Amino acid sequence: MQIAVVSLFPEMFDAVTAYGVTGRAVKLGLVRVSHSNPRDFTVDKHRTVDDRPYGGGPGMLMKIDPLRQAIAAAKEQVRAQARVVYLSPQGQRFDHRKAVEMAQEEALILVAGRYEGVDERLIETEVDEELSIGDYVLSGGELAAMVVIDAVTRQLPGVLGHGASAEEDSYVNGLLDCPHYTRPEAFAGRVVPDVLLSGDHEKIRRWRLKQALGRTYERRPDLLQGRVMTPEEQELLAD
Ligand code: SAM
């Protein structure tokens, strides 16, 4: 997958392209992340990327033309019919389902806003979709774009070494993940549940599923609404 990021601060994206699971995906060539910086498309000697809003008021907006040209350059970088996504607190909420859906795309363009945002006409003409990572306001779209890159990259085939661990991640099957334990067997007066030491893989699988169901019921009952339970899940929940 190719992802072109439109941002005034491309160096911030090292956080996802150089480290951990996503860094490895970049190294393996499973995802390519390129940058397009509106500042490179300015023509004045101060390389101005912001402008005053019509109607007055506090704050600045991103200057239209450098941003428009940066989006055009991003399209050339990915050389594919790419969905242009503007990260915005006013967008549709980004979640696991959205990450899975976006992972099917050949290419994506992620536009990170700064200042008080972007001219509405640019959104109307250049953007296919607005996405929010939550009901709060960040100072810029870069962190939001990195959240999208990380969550989408995890869904690409070959990125997560151990397939089963991804299948058990929270939200993957519409449930929260079960609790996990590592050594030592006793810690802070608490011991690892016996079943995990039993070596009985079927028992362990059922225990984990029951824990995941119980946790979801307690913490996120909304996830269970409308969920079609398997006979085994019904039995475990009733138990
Ligand atoms: N005035 C805008 C509003 O209230 O809708 C907020 C602008 S914010 C200070 C600057 C940039 O941060 C936005 O253009 C957007 O790209 C990004 N941003 C802020 N909060 C976000 C969120 N919750 N999800 C995604 N992007 C966000």
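# Walking through a predicted model

Leaving aside residues within four places of it in sequence, leucine 138 is in contact with Leu143 and Ala144. Leucine 138 sits in the loop between β7 and α6. Around it there are 16 C-beta neighbours inside 10 Å, so leucine 138 counts as partly exposed. A residue is called buried when 20 or more other C-beta atoms lie within 10 Å of its own, and exposed when there are 12 or fewer.

Aspartate 135 belongs to the loop between β7 (129-132) and α6 (142-154). Aspartate 135 counts as exposed, because it has 7 C-beta neighbours inside 10 Å. An unreviewed UniProt entry lists Gly113, Ile133, Gly134, Asp135, Tyr136, Val137 and Leu138 under "binding site".

The ligand is the next place to look. It is surrounded by 20 residues, and the closest are Leu87, Pro89, Gly113, Gly141 and Ala144. One of these, Gly113, is also among the positions that UniProt lists. Another, Ala144, is one of the contacts of leucine 138. Which element gives the largest share of the shell around the ligand? It is strand β5, with 4 residues. Sorted by class, the shell holds 9 nonpolar, 9 polar and 2 charged residues.

Which residues of α3 are buried? They are Pro66, Leu67, Ala70, Ile71, Ala74 and Val78. An α-helix has 3.6 residues a turn, so residues three or four places apart point the same way.

What does the buried face of α3 pack against? Its buried residues pack against the strands β1 (2-6), β2 (32-36), β4 (61-62), β5 (83-93) and β6 (107-112), and also against helix α5 (120-126). Directly after α3 comes arginine 79, which takes a positive phi of about 40 degrees.

Not counting residues up to four places away in sequence, alanine 107 touches Met1, Gln2, Val78, Ala80 and Ala82. Alanine 107 itself counts as partly exposed, because it has 18 C-beta neighbours inside 10 Å. Alanine 107 and histidine 96 are 11 residues apart in sequence, and their C-alpha atoms are 18 Å apart in space.

Distance in sequence and distance in space can be set side by side for two other pairs. Aspartate 14 lies in helix α1 (residues 14-17). Aspartate 14 and methionine 146 are 132 residues apart in sequence and 9.6 Å apart in space, C-alpha to C-alpha. With 12 C-beta neighbours inside 10 Å, aspartate 14 counts as exposed. For tyrosine 181 and alanine 99, the separation is 82 residues in sequence and 28 Å in space, again from C-alpha to C-alpha.

Tyrosine 181 lies in the loop between α7 and β8. It is partly exposed, because 13 other C-beta atoms are within 10 Å. Apart from residues up to four places away in sequence, tyrosine 181 touches Val192 and Leu196. The loop between α7 (163-168) and β8 (186-187) also holds proline 184. A cis peptide bond joins arginine 183 and proline 184, with omega about 5 degrees. Tyrosine 171 is found in the loop between α7 and β8 as well. Its phi is near 80 degrees, a positive value in a residue other than glycine. Tyrosine 171 has 17 C-beta neighbours inside 10 Å and so counts as partly exposed.

A positive phi also occurs at arginine 47, where the value is near 55 degrees. Arginine 47 is placed in the loop between β2 and β3 (50-51). With 13 C-beta neighbours inside 10 Å, arginine 47 counts as partly exposed.

Notes: Residues are numbered from 1 along each chain as its sequence is written. This is a predicted model: local features need pLDDT of at least 70, side-chain atom pairs count only at pLDDT 80 or more; totals for chains, interfaces and linings use all residues. Two residues are in contact if their C-beta atoms, placed from the backbone, lie within 7 Å. A residue is near a molecule or strand if its C-beta atom, placed from the backbone, lies within 6 Å of it. Ala, Val, Leu, Ile, Met, Phe, Trp, Tyr, Cys and Pro count as nonpolar, Asp, Glu, Lys and Arg as charged, and the others, Gly among them, as polar. UniProt positions are given in the numbering used here, feature names are shortened, and annotations may be inferred rather than shown by experiment.
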